[in-house]
Amino acid sequence: MTNNQKIKVITFSAMMTTFIIVLGFFPAIPLGFIPVPIVLQNMGVMMSGGLLGPKYGTISVGLFLLLAFIGLPILTGGNGGAASFMGPTGGYLIAWLFTPLLIGLLLRRIQALHLNSWWWELIVVVVAGIIFVDVAGALWLSWQSHLPLFTALSSNLVFIPGDFIKAVLSVMITRRLRRSLGFDDMFI
Ligand code: BTN
């Protein structure tokens, strides 16, 4: 990677962290039956791996989570601090850290297998950005809130339609941006 490319990537990593913070300004939609709301920030997390690859995607989400952990009110609804990571949504937040890594690595894998289509990319985002995050979140929720595992898992189904729309948008946006920024050759 040339110096210019490095500066571009670091700039876009910082912009991705900012974008995830901005998504947090959209109000959460609370659900009465579990203490986990519908949010938009997970769309930024889905986008980071597809746009910046496993390394810089993880750095951008990791920086966001670090700032939230040390107390900046940048989680949806102005939340932040270590308590948020120990609360009912802690499992989702921890899973977010690994999402860009998984998406970035799986995208490289499908590229190596010459399966670089829109549909395969959507499957990758669905697996790593929805199924992985929602299952990890439900496992933590079950343990933290003393909910039966089946209840925690099945109540997470409510997130699937919205998360699927976020995944479709994420693939549409990142494929375009990647191409126009010349990130295709660098990361994927
Ligand atoms: C937080 O702000 O503390 C984290 C909220 C996590 C919400 C999860 S992310 C996956 C699923 N989809 C949503 O829209 N909400 C949950």
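**Exercise 1. State which residues of H5 are buried, and describe the geometry and cover of this helix.**

Step 1. In H5, the buried residues are Glu 121, Val 124, Val 125, Ala 128, Gly 129, Ile 130, Val 133, Asp 134, Gly 137, Ala 138, Trp 140 and Leu 141. A residue is buried if 20 or more other C-beta atoms lie within 10 Å of its own, exposed if 12 or fewer, and partly exposed in between, with C-beta atoms placed from the backbone. Helices (H or I, at least four residues) and strands (E, at least two) are DSSP runs, numbered from the N terminus.

Step 2. The model is a predicted one, in which local features need pLDDT of at least 70, side-chain atom pairs count only at pLDDT 80 or more, and totals for chains, interfaces and linings use all residues. Residues are numbered from 1 along each chain as its sequence is written.

Step 3. An α-helix has 3.6 residues a turn, so residues three or four places apart point the same way.

Step 4. The cover over the buried residues of H5 includes H2, H4, helix H6 (149-155) and H7. Contact here requires C-beta atoms, placed from the backbone, to lie within 7 Å.

Step 5. With 27 residues, H5 reaches 37 Å from its first C-alpha to its last, close to the 39 Å expected at 1.5 Å a residue; the expected span is 1.5 Å times one less than the number of residues. A kink of about 30° in H5 is centred on Val 126, the bend being the angle between axes fitted to the seven residues ending there and the seven starting there.

**Exercise 2. Explain why Met 43 counts as buried, and list its contacts.**

Step 1. Met 43 belongs to helix H2. It counts as buried because it has 23 C-beta neighbours inside 10 Å.

Step 2. Apart from neighbours within four places in sequence, Met 43 is in contact with Leu 23, Lys 166, Leu 169 and Ser 170. The C-alpha atoms of Met 43 and Gly 129 are separated by 8.4 Å, although these residues are 86 residues apart along the chain.

**Exercise 3. Determine whether His 114 is buried or exposed, and describe its backbone.**

Step 1. His 114 lies in the loop between H4 and H5. Because it has 8 other C-beta atoms within 10 Å, His 114 is exposed.

Step 2. Most residues other than glycine have a negative phi. His 114, although not a glycine, has a positive phi of about 60°.

Notes: Two residues are in contact if their C-beta atoms, placed from the backbone, lie within 7 Å.
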